[in-house]
Each structure stands twice: as C-alpha cells, then as structure tokens.
Amino acid sequence: MAAGSVFASVPRAPPVAVFQLTADFREDRDPRKVNLGVGAYRTDEGQPWVLPVVKKVEQKIANDTSLNHEYLPILGLPEFRANASRIALGEDSCAIKENRVGGVQCLGGTGALRIGAEFLRRWYNGNNNTTTPVYISSPSWENHNSVFVNAGFKDIRAYRYWDAAKRGLDLEGLLEDMESAPEFSIFILHACAHNPTGTDPTLEQWKQIAAVMKRRFLFPFFDSAYQGFASGCLDRDAWAVRYFVSEGFELFCAQSFSKNFGLYNERVGNLSVVGKDTDNVQRVLSQMEKIVRTIWSNPPSQGARIVATTLTCPQLFAEWKDNVKTMADRVLLMRSELRARLQALGTPGTWNHITEQIGMFSFTGLNPKQVEYMIKEKHIYLMASGRINMCGLTTKNLDYVASSIHEAVTKFQ
Amino acid sequence: MALLQPARRLLSAAAQRHLCLAPVAARASSWWSHVEMGPPDPILGVTEAFKRDTNAKKMNLGVGAYRDDNGKPFVLNSVRKAEAQIAAKKMDKEYLPIAGLAEFNKASAELALGDTNEVIKSGRYVTVQTISGTGSLRVGASFLQRFFKYSRDVYLPKPSWGNHTPIFRDAGMQLQAYRYYDPKTCGFDFAGALDDISKIPEQSVILFHACAHNPTGVDPRPEQWKELAAVVKKRNLFAFFDMAYQGFASGDINRDSWAVRHFIEQGINVVLSQSYAKNMGLYGERVGAFSVICKDVDEAKRVESQLKILIRPMYSNPPIKGARIASTILTSPDLRKEWLEEVKGMADRIIDMRNQLVANLKKEGSSHNWQHITDQIGMFCYTGLKPEQVEQLTKEFSIYMTKDGRISVAGVTSGNVGYLAHAIHQVSK
C-alpha cells in the first residue's frame with residue numbers, strides 16, 4: 001500500500017454534545033457536582049434503576065431452559081411487536097381491531113425512526129422521492145435531523161415550537177408553519193414529553209394540529225420515547241397518537257422502551273405502522289423487511305423478550321405500570337420541589353414552567369452565559385440550551401441546584 | 001415532483017372523520033397503494049415449505065444456524081457460564097457508548113489479529129461493536145461510501161452471500177464481481193480469480209470471505225492467498241474482509257484468520273467485519289465488530305469519530321447482552337479455553353458429517369467424485385447438484401435446500417446422513 005493512507009483526509013468529527021457533557025462531568029473532581037445532562041432515569045440516590053419487574057422477568061428468562069439464542073425473524077419477536085403496538089394504540093383501538101396495524105421491532109427509538117425514515121424516503125410521495133420536506137420541531141432531539149439526513153432526505157426544515165419569550169408552545173407559529181408547508185410534507189411529532197422542552201400541546205391544541213395536518217395532507221411521524229414516563233399514565237401519554245388514529249390518519253409511531261422499561265442498553269424499540277387496511281400494511285411490512293435486512297438483519301432478542309413477557313402477563317403488567325409511575329412520580333416531585341425553592345428564593349423570572357413542563361426534561365430558560373456559570377463555577381452540568389434532566393435532581397442536591405440557578409440568573413442576564 | 005394521491009382529495013370531510021365506519025372506497029385510498037409486495041425471501045421459502053411437510057424423514061438443509069447431532073440448536077456451555085457470571089454481577093442497563101463495549105472491541109480485535117500483532121501493539125486500529133455481521137458490513141459500507149473517495153465499486157466473489165449485494169447497494173456503493181467458484185470442479189477458480197482481480201481498476205474495493213466461504217464452502221489455500229495478497233497490493237486495491245466463521249471453519253481460530261493476518265503483514269491496511277453469531281452461537285444477540293486498520297493512532301481516532309457519526313443515526317448505540325457474553329468469554333482464561341474446545345467441537349462435527357456423507361455416497365455405489373464435499377469447509381457445501389435434481393430431492397425425499405444446490409451441513413446428523421446420501425445418489429446416478 002502507498003505511503004499515503006486512503007483515510008488521510010478523514011477529519012476528526014466533533015463529539016456528540018450530550019456525551020461530551022457526561023464525559024466532562026466524570027472528569028470533574030468537585031464533590032458538589034451534579035449531572036443534569038444525559039437523559040436516563042436516576043433514583044433519589046443518583047443511581048441508575050433497573051426496574052424490579054425487569055429483574056424478575058430477566059430471572060424468569062434466565063431460568064427458562066427452553067430458550068436459546070436463535071435468530072428472531074427479520075421484523076422481530078411477534079409477541080413483542082403486537083403488544084408494543086397495542087400499548088401505543090390502546091386496547092380498544094379500532095385500527096388494531098380492523099387489523100391495519102403492523103409493528104417492526106427495532107433497535108431502540110433511534111432504530112425505529114431510521115427504519116421509518118428509510119421507508120418513507122423509498123416509498124412515500126412517489127418512489128425514492130428525496131425532496132419531500134421533513135419538518136422537525138425547533139428545537140428537537142438533535143439526532144432527529146441526522147436520522148432523516150442519513151436516510152437520504154434532502155430538504156429538512158424546522159417548524160416553530162418553543163417560544164423562548166413566553167417559555168411555552170408557540171402554537172401560532174407551529175400552525176402557520178403547517179399551513180405553509182408543502183402538501184405531503186412529513187412532520188416529526190413528539191407524542192409526549194417533548195425533548196428537550198418538556199412542553200406538550202394540550203388536548204385542544206393537538207386537535208387543532210390534527211385538523212391542519214389532515215387538511216394539508218401532512219404525514220404524521222410520531223416519536224414516542226416516554227409513554228407512561230411523562231404523566232405516569234400510559235393512556236394519557238398516548239392520547240395524541242390515538243387521537244390521530246381515530247381521525248383516520250395513516251401514520252408511523254417510533255416507540256422506545258429505553259426509558260419506560262429502563263432497558264436503555266438492550267435497544268428495544270418498535271415502529272408501529274397504521275394504515276388504511278390490512279393489505280396496505282402487509283405490503284409496507286414486506287418492504288420494511290428489505291430495509292431491515294441490510295441494516296441489522298434481525299433485532300436483538302433480550303429486550304424484546306423482557307417487554308413481551310411483561311406485557312402479556314397481567315400481574316407483571318400491573319407491576320410494570322407501578323414501576324413506571326414510581327419514576328414519573330419522582331420526576332414530578334423534583335419539579336415541584338425545584339419550583340418551590342426558586343420561588344422561595346425569589347429568583348427573578350417566572351418558574352411555573354418547571355411544573356407545567358412534563359417528562360424527563362425541562363427547558364429552564366437559562367441562557368448560554370448562565371449555563372456556563374452553572375457548569376464552570378457550580379459544577380452543575382446541563383446542556384447549552386438550558387435543558388436539564390430532572391432525573392439528575394435528588395432531595396440531597398435540590399437546594400444546591402436551586403441556589404445555583406438563583407446565582408446564575410441574578411449574576412447574568 | 002410530488003406524486004399526488006388524487007383519490008384522497010375527493011374524500012369528504014365526513015368520510016375522513018369516521019374512517020372506522022367509512023365505506024370501502026374511502027379506505028382504499030392509502031399513501032401505500034403503490035407499494036409493491038416485497039419478493040419472498042428464497043431461503044425463508046425453503047424453511048416455510050419444510051415446516052409444511054409431514055414426512056417424518058424430512059430434512060432442512062437450508063438452515064443457516066448450527067445444529068447438534070440431534071438436530072437441535074446448541075447453546076454453548078461457555079456461553080451459559082458467562083451469562084451466569086454476568087447475571088451475578090447485577091449490572092445496570094445504562095447506555096453503552098456509541099462504539100459499544102470497549103473490552104469487547106479490544107478482545108475482538110485481538111481474536112482476529114492475535115494479541116501480539118503489531119497492529120494491536122501500536123494501537124493503529126479502531127474496532128467498533130456492531131449489530132452482528134450484517135451491521136458490521138453496513139457500517140463499513142457506509143463508511144466507505146462517505147470517505148473512500150477513489151471508487152464506488154465493490155468487487156464481490158462470484159457467488160457471494162446473498163445479502164452482500166443489497167447491503168452495499170443500500171449504502172450507496174456499486175457492485176461488481178470477480179470469478180471465484182468453478183462449477184466444473186466444485187472448487188476454487190484460482191486462475192479466473194487472479195485474472196479478474198489483476199484487471200480490477202486500481203483503488204477499487206474488493207471483498208474477501210476470510211474463511212468458510214458462503215455459500216460455496218470453497219476457500220483458497222494459503223499459497224493461493226499469498227498470490228491474491230500480492231495482486232491486491234500490486235493493484236492498490238482496498239481489501240474488505242468478511243469473517244463470520246472464525247474458529248467455526250477449521251476448528252482453529254488462528255488458522256481461520258490466517259488470510260486476514262497475512263494481508264496485514266504484507267502491509268495491506270484492511271477493514272474487517274466479524275460476527276459471533278456462529279462461532280459463539282450468539283445469533284439473536286447480534287454480536288459483531290467492524291475494524292479499520294489504520295496508518296497510525298491519530299488516523300484511528302479520526303476514523304473512530306466518523307464511525308460514531310454514522311452509527312448514531314442508525315441505532316444510537318449497540319445492545320449489550322451479547323457483547324458482554326463474548327467479552328467475558330474472550331477475556332476469562334477458563335471460559336476462553338472452554339469456548340475454543342466447543343467451537344472446535346462444532347467444526348469437527350461438521351467435518352465429520354462431510355466425511356460421513358462422502359463415505360455413504362460411496363457405499364450407495366455412486367460413481368461421481370464427491371471429494372469437493374470434504375474439500376469444502378464451514379457450514380455450507382455446494383453439492384454441485386442441478387436445480388432439477390434439487391427439486392427431485394425435495395419432492396421425492398422431503399430434503400430441502402436452496403436451488404443452487406447449497407446444503408447447510410449443520411442440518412446433517414449421524415441419524416440422517418445415510419438417508420441424505422441415499423437420496424442424493426438416487427437423483428444423481
């Protein structure tokens with residue numbers, strides 16, 4: 001081989017911000033340090049939490065000598081797919097009753113988004129139409145953009161979402177952007193617990209959104225990473241998806257079981273496909289198989305087995321819902337405690353958004369200078385956007401975080 | 001240009017609202033009306049037909065997974081032990097890094113190259129955990145598509161694993177072929193391969209099966225690998241190794257990775273896909289790795305950063321279970337020793353079945369030369385049977401295989417090898 005390398009010109013890529021934050025946190029020696037960065041649940045002791053029901057089910061699986069490590073089908077474990085879709089769409093879903101729902105087991109929510117995006121690029125709005133506009137909320141999870149770009153879409157746009165001034169949903173801007181979007185555009189909608197803002201449309205606002213999307217023939221692609229985790233109630237967190245289904249939409253819903261089952265590293269996700277009828281869904285699934293086959297061939301079995309076992313056993317299912325509520329409740333408690341402290345301190349600004357927002361994340365409204373202060377001076381790690389992970393708060397660090405925010409806000413404007 | 005769905009526009013608002021009770025006409029209009037049914041998978045079709053067959057003597061020789069002498073899936077003891085050890089540690093389920101489990105990556109590279117390899121010692125490589133072999137190939141193909149600016153062409157041996165072509169194609173590369181299998185000898189077309197490879201445009205990508213070629217079972221001999229390496233070097237070709245059967249082919253992990261190591265020794269910086277589906281029986285756990293041999297550590301770091309950028313929008317980070325098992329086995333002396341024995345056991349059973357099949361064919365009185373069955377290596381065997389003969393095997397004897405005459409030797413047992421030999425003799429005498 002020649003002295004020069006074929007990869008001589010490969011540039012060093014910047015690290016993914018959220019992981020860099022955690023890396024910096026790890027290096028920090030300050031005993032007061034707090035990690036409000038990466039989105040994983042933590043207990044009040046600041047520890048990861050393997051759900052008790054998951055421990056139980058894993059033991060069951062380990063003791064089952066009839067199980068082996070054989071390949072799953074390309075589309076995944078059938079019991080997982082059916083039950084995962086059922087969780088999203090509801091027991092009484094008419095779409096399920098009419099047999100026009102399909103599921104594709106994927107590697108986490110990311111995998112579900114990618115398979116859905118690859119399919120849409122190949123088959124939606126023509127054949128291999130890379131010019132169909134894809135709308136992503138401003139802001140959104142930063143990987144949304146990458147997923148759709150890598151799936152081949154050339155026209156990724158932002159739709160207005162977060163109103164920084166009023167610290168809430170910019171519904172007017174959102175609806176305007178939908179009205180002016182080209183017909184057949186794809187819209188990525190956060191099913192609940194919007195990441196990173198924690199701000200969801202109300203039920204009435206969802207109805208307005210759905211009405212515009214229907215009239216303009218816009219395609220709803222839901223990202224559901226926090227079902228159950230947001231409000232503590234599975235049905236409530238799935239309301240928007242189910243409403244769209246009842247309104248007759250064909251849609252995709254990328255589901256993640258990373259957070260609500262705490263199965264982060266098992267990579268458990270499901271892409272639910274709702275179509276007009278069985279025949280359409282079957283053909284869609286057959287093409288999804290082709291896409292899956294060249295990316296990962298077939299999905300990993302462990303996580304799907306855990307979820308399927310849990311969802312199909314009434315006792316375990318009840319236990320799981322309870323575990324989920326435990327997590328949701330702790331987050332809700334931290335929200336109210338943080339808000340109460342900020343209000344008690346008289347921290348400038350309004351802080352009701354802390355409790356009005358929902359899910360793991362909160363867009364605090366802190367600006368870059370204030371964030372820098374938090375990280376550098378107070379050793380409290382949060383995203384440059386001002387996003388904090390509520391799970392990083394504990395009864396032990398609430399006071400320190402609240403007073404630090406107070407300092408940051410009063411020192412810098 | 002947006003392709004409209006005109007029928008949709010004609011739907012009345014009322015029909016759109018009440019689609020649960022809507023008339024059929026309204027429901028017929030779907031975004032997916034033009035989506036064709038995907039062609040049925042040829043190998044899956046074989047298994048489906050096998051399942052439907054009620055003949056007690058039926059054999060499924062399409063299966064691409066190892067079976068023991070009772071025809072059952074085999075969970076390795078070393079895997080069971082590793083699983084128990086891991087379970088006892090009660091670890092959490094936090095996300096792995098994008099590149100996967102570091103201990104696994106290191107152990108995987110060392111398994112492939114040998115831990116005293118200069119590449120390992122110098123650190124001039126990067127290994128990322130991938131979703132088994134397929135995931136590794138796809139990450140590799142995508143990396144080449146983005147950063148290998150010299151050519152879009154990937155040369156595959158003829159024939160190759162069926163999924164190679166769509167993987168590289170979906171990643172944006174173009175497929176070409178070089179001669180490999182000689183149907184006249186049921187062996188390696190060495191002259192043809194050398195001839196074709198010497199004419200490949202410089203700086204094209206060429207893919208090699210490191211051992212146990214799928215689907216033919218035909219591997220080059222070491223002297224032949226040496227000549228192949230020389231030509232690759234001379235033509236400045238980019239070598240992509242697919243190693244899905246290390247240990248599983250000959251029973252010896254070093255022997256099976258000889259070609260990869262030889263190329264590197266000759267100064268060829270290869271990329272390598274590894275799978276642990278077969279050699280550790282970890283099929284559904286999806287354990288694999290992708291490695292890039294680089295010029296130096298700095299290049300390795302740059303390449304790694306870009307591999308992560310590719311992986312993140314595919315599936316964010318890999319599943320842990322299989323990688324932990326593999327890593328535990330590879331890094332625990334006792335488990336590693338046991339694993340090496342077990343993988344040899346699997347390889348030996350396959351070799352034994354090959355020997356028995358040939359012996360039984362002789363006993364049946366077949367006058368054909370079946371030496372290729374024992375010359376070939378690994379899970380698969382290109383019998384040389386024609387499609388009509390394959391069809392007859394299926395219809396008359398309920399023996400299922402792919403039309404190209406490929407059998408999975410893993411599906412053969414001491415209990416059915418006699419029957420298989422008899423049937424093959426009947427259709428070929």
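How many salt bridges does the rule find across the interface of chain A and chain B? The rule finds six, a salt bridge being a side-chain nitrogen of Lys or Arg within 4 Å of a carboxyl oxygen of Asp or Glu. This is a predicted model, where local features need pLDDT of at least 70, side-chain atom pairs count only at pLDDT 80 or more, and totals for chains, interfaces and linings use all residues. Residues are numbered from 1 along each chain as its sequence is written, chains are lettered from A, and side-chain values use heavy atoms, with hydrogens and water left out.

**Interface**
- Chain A puts 88 residues into the contact and chain B puts in 89 (contact means heavy atoms within 4.5 Å).
- About 7900 Å² is buried between chain A and chain B, and carbon and sulfur atoms give 56% of that (accessible area, 1.4 Å probe, lost on being put together, summed over both).
- One salt bridge joins the side chains of A:Arg42 and B:Glu94, at 2.7 Å, N to O.

**Helix pair in chain B**
- Helix H6 (residues 102-113) and helix H13 (residues 258-265) of chain B have axes, lines fitted to C-alpha atoms over the stretch in contact, that come within 8 Å and cross at roughly 90 degrees.
- That makes H6(B) roughly perpendicular to H13(B) (65 to 115 degrees, on a scale from 0 to 180 between N-to-C directions).
- From H6(B), B:Leu111, B:Ala112 and B:Leu113 meet B:Val260, B:Arg261 and B:Ile264 of H13(B).

**Annotated domain**
- UniProt, in an unreviewed entry, places "domain: Aminotransferase class I/classII large" at residues 32-405 of chain A; such annotations may be inferred rather than shown by experiment.
- Over residues 32-405, chain A is 45% helix and 14% strand (DSSP runs: H or I of at least four residues, E of at least two), with the end C-alpha atoms 14 Å apart.

Note on methods
Parallel < 35°, antiparallel > 145°, perpendicular 65-115°, else oblique. Buried area = accessible area lost by both parts, 1.4 Å probe.
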